[in-house]
Amino acid sequence: MKATMNKQHMETIFTAVEQDVDAHEDNPQLLLLLAVYMNDIEKVRKVLEDHAVDPSELITPRNQTIINICKRE
């Protein structure tokens, strides 16, 4: 159940960030990370197609913090 809750958290954040992706320069990377953590290949493809995000860039501290919060039990 905890894994499902974490995925729900990620899904909620993904939707919120996607609606205002230009609000922060790290948002495209965050979308990509969330899509990967959710294991959703369609979302990964969409983010890569729609946003200028480089998958080889280091994860920003802001995005690492957000991901860590989502992964908490």
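Biologist: Which residues of α2 meet which residues of α4?

Modeller: In this predicted model, Asn 27, Gln 29, Leu 30, Leu 33, Leu 34 and Tyr 37 of α2 meet Arg 62, Asn 63, Ile 66, Ile 67, Cys 70 and Lys 71 of α4, where meeting rests on heavy atoms within 4.5 Å. The residues of that contact divide into seven nonpolar, three polar and two charged.

Biologist: What makes α2 roughly parallel to α4?

Modeller: Helix α2, residues 27-37, and helix α4, residues 61-71, pack at an angle of about 30° with their axes 10 Å apart. Angles under 35 degrees count as roughly parallel, and therefore α2 is called roughly parallel to α4. As for the hand of the crossing of α2 and α4, it is right-handed.

Biologist: Why is α2 called roughly antiparallel to α3?

Modeller: The axes of α2 and α3 come within 8 Å and cross at roughly 160°. Because angles over 145 degrees count as roughly antiparallel, α2 is described as roughly antiparallel to α3. The crossing of α2 and α3 is left-handed.

Biologist: Which residues bring α2 and α3 into contact?

Modeller: From α2 there are Pro 28, Leu 31, Leu 32, Ala 35 and Val 36, and these meet Lys 43, Val 44, Val 47 and Leu 48 in α3. The residues of this contact of α2 with α3 divide into eight nonpolar, no polar and one charged.

Biologist: How do you know that the buried residues of α3 are on the same side?

Modeller: In helix α3, which spans residues 41-50, Lys 43, Val 44 and Val 47 are buried. They cover an arc of only 105° around the axis, and so they fall on the same side of α3. An α-helix has 3.6 residues a turn, so residues three or four places apart point the same way. The face of α3 turned away from its buried side carries Glu 42 and Glu 49, which are exposed.

Biologist: Why does Ile 41 count as partly exposed?

Modeller: Ile 41 is placed in helix α3, and its relative accessibility is 48%. Buried means under 20% and exposed means over 50%, so with its 48% Ile 41 counts as partly exposed. Between the C-alpha atoms of Ile 41 and Lys 7, which are 34 residues apart in sequence, there are 14 Å.

Biologist: What makes Asn 63 buried?

Modeller: Asn 63, in helix α4, has 0% relative accessibility, which is under the 20% cut-off, so it counts as buried. Leaving aside neighbours within four places in sequence, Asn 63 is in contact with Asp 26, Gln 29, Leu 30 and Leu 33.

Biologist: Why does Asn 39 count as exposed, and what is its phi?

Modeller: Asn 39 has its place in the loop between α2 and α3, and because its relative accessibility of 71% is over 50%, Asn 39 counts as exposed. Its phi is near 60°, a positive value in a residue other than glycine. Most residues other than glycine have a negative phi.

Biologist: How do you know that Pro 55 is exposed?

Modeller: Pro 55 lies in the loop between α3 and α4, and its 57% relative accessibility is over 50%, so Pro 55 counts as exposed. The C-alpha atoms of Pro 55 and Gln 29 are separated by 7.7 Å, with the two residues 26 residues apart along the chain.

Technical notes:
Residues are numbered from 1 along each chain as its sequence is written. This is a predicted model: local features need pLDDT of at least 70, side-chain atom pairs count only at pLDDT 80 or more; totals for chains, interfaces and linings use all residues. Side-chain values use heavy atoms; hydrogens and water are left out. Axes are lines fitted to C-alpha atoms, for helices over the stretch in contact, and angles run from 0 to 180 degrees between N-to-C directions. Helices (H or I, at least four residues) and strands (E, at least two) are DSSP runs, numbered from the N terminus. Angles under 35 degrees count as roughly parallel, over 145 as roughly antiparallel, 65 to 115 as roughly perpendicular and the rest as oblique. A crossing is left-handed if the near helix is turned anticlockwise from the far one by less than a right angle, and right-handed if clockwise. Ala, Val, Leu, Ile, Met, Phe, Trp, Tyr, Cys and Pro count as nonpolar, Asp, Glu, Lys and Arg as charged, and the others, Gly among them, as polar. Buried means under 20% relative accessible area, exposed over 50%, partly exposed in between (1.4 Å probe, protein chains only). The arc is that of the directions from the helix axis to the C-beta atoms.
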